[in-house]
Amino acid sequence: MIEVKNISKTYGKNENSFTALHDVSFKISDGSSLAILGKSGSGKSTLMHILALLDKPTKGSVLIDDSDTSEMTSHELDKLRNEKFGFVFQQFFMNSNDTVLDNVILPLKVAGVTKRERKRRALEALKAVEMLDKAKNKASDLSGGQKQRVCIARALVNNPSIIFADEPTGNLDTATGDVIENLLFGLHKDKGITLIIVTHDADLAAKCEENIYMRDGKIVTKREAKL
Amino acid sequence: MRYIDIIATANHNLKRNKLRTILTIVAVFIGSFTITLTVGLNAGVNDYISKQLGTLGGDNVLIVTAKGMNSAPTSEPKEYNPNQSTNSTFGLTINTMNDVDVAKIKSVDKVTKVTPQLIPTVSYIQGSSDKKYQLASVNQMVDGIKVDVVAGSAPDNNSTDNQIDILPSYVSVLGFKDNTDAVGKTLTIAAKTPLGLIQTVEAKIVGVQNDSLLASGGFMINDHLTRQLYDITTEGMPDSIRNNYYAVVATISSGMTEKEITDVKNMVKDLGYNAMTVRDRIGTVSTIINAISYALIGFGAVALLAASFGVINTLFMAVQERTKEIGLMKAVGMSGGRVFILFSIEAILLGFWGSLIGMSLAYVVGSGLSNYASQTFLKDLKGFTLIEFPITYLLIVMGVVMLIAYLAGTLPARRAAKLNPIDALRYE
């Protein structure tokens, strides 16, 4: 469960300061799916960075499973992200010259898992996204959709409780995008992983249980889907 | 991330851009190669010097010379001393010593004998055959010095006979069957008087000696023979020219401690002379060898400095190119510290491979040169390996190169460690 309490994020000082987030508060329960919408500059990316513990709020706190993250050392935060979070990005961010398998293994390598164990888990994750046959291929050999599938496998490989997706279908055509969306929501339902998606796409947002619409650093609309 | 994975990842990263890695390693290799060869040369020469001269003995002799005249133009003018004997060679006037000095030095406590060092010139030598041969020089035997004989023994300064050691290269031409055969035979030595008359003396060959740095192609003779030859070459000359010595050897009573010997040395120095033990002498030669070596190593170090800029450049480019990759690694929980270690190890590996290849090639080239030298210009100097590679020196060179590489990688590694994942992963 993630809880966000009165967080604000300000850049710069005094006259030159810019406030990206104003006093934002909400809760995300385990196993739910949330879409964060808003135009550019609305603060949605900033909000996600703070939720994903990649950034610290200037004011307020983020609680993960009731633990206050502002009291954690950077080592503890690193460990938390490594064990509980998975990331899917619009631009994939894969090492093109490495194999698909090596790309998926990365979070486990960072965690210090043994070679054999991490290979086993990576292959499992690739199976879940139906990319097992491409394990030995170079990442650059794949199409956009295939790459995003590998990214999802990478996000899954450490058995996360939350997956953060930043415009996951932004670089994909509609058909491929649908496939990816289905994959994400399928995993969400099957494994109970919390999904937090930042997107422009209203259709994608509609598939999520909750929506938050941001403007100028504030939440202007909160909608809960009736499912 | 486990350390073994960090090292494996670093190695993998270097392999990604093979050409760039190879070029950087070549730069490091050039510096390492040069330094290793120079260190090897220094080791070889110093080893020979200490082997040959260090076991030389002569612990209880002092080589005494007069304090020289300062010929440097900027020094203060020195007053003329009519009692100071001098000698001029090639227009350079050097202070020498005379019999008065000999007596003074003899009077120092614990000095048992003072022998003037004379350098007579020899016209020719003749053995049992009819042929006469030139001789580069004769070297006066110094008591207590150990000599590398292959037959017989060193000349004895206490003997009242003329004694001489010859070099192996002269054995057959002088008409002897082999080294052992030469011992006990007679050698005729001819010297010229100042008026140009040839006079000969006979000397008994008491030994055959290997050539060495000290000998430089000359034969070793005892004091008695030295005096005889010198008398010929200075026949009829006034005392002031005859009793004019570049150096004298002062023998100290045996069984004295190093400190006691130093005390005697200082007493001689207090009388106004320069005094050196054999060890001091070696020291000066070593000092010169080392000074030359350090200069050469300095050049190698400059090459290494240039190479380190190559390392810095390579790593900065790597950090730049891998910004997103670093951002992703940090997002999934890799700490800045680990990122720093990762890039530092990439730098160290560049140093490792460069120095390894540099040293290996230096070893091959150096050994080849040594062999060639032993068969050509160092043929007569036994036991002289021109270039040697003691393991500790090699390890030190490798360690230093790897350290320099690590230091070169510090700035790029820091930059990578400090990357903010948000900035690194920004969509462009």
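Okay, let's start with a term: a salt bridge is a side-chain nitrogen of Lys or Arg within 4 Å of a carboxyl oxygen of Asp or Glu. Between chain B and chain A, the count is 1 salt bridge. It joins the side chains of B:D5 and A:R118, at 2.8 Å from N to O.

Quick housekeeping. This is a predicted model, where local features need pLDDT of at least 70 and side-chain atom pairs count only at pLDDT 80 or more, while totals for chains, interfaces and linings use all residues. Residues are numbered from 1 along each chain as its sequence is written, chains are lettered from A and ligands numbered from 1 in the order in which they are written, and side-chain values use heavy atoms, with hydrogens and water left out.

Back to the interface. Counting contact as heavy atoms within 4.5 Å, 22 residues of chain B and 23 residues of chain A take part. The buried area is about 2,000 Å², with 63% from carbon and sulfur atoms; that's accessible area (1.4 Å probe) lost when the two parts are put together, summed over both.

The largest share, 6 residues, comes from α9(B).

Now inside chain A: the side chains of A:D78 and A:R81 meet in a salt bridge, 3.0 Å from N to O. Both residues lie in helix α2 (residues 74-84) of chain A, 3 residues apart, about one turn of the helix. Over all chains, the count comes to 19 salt bridges.

Notes
Helices (H or I, at least four residues) and strands (E, at least two) are DSSP runs, numbered from the N terminus.
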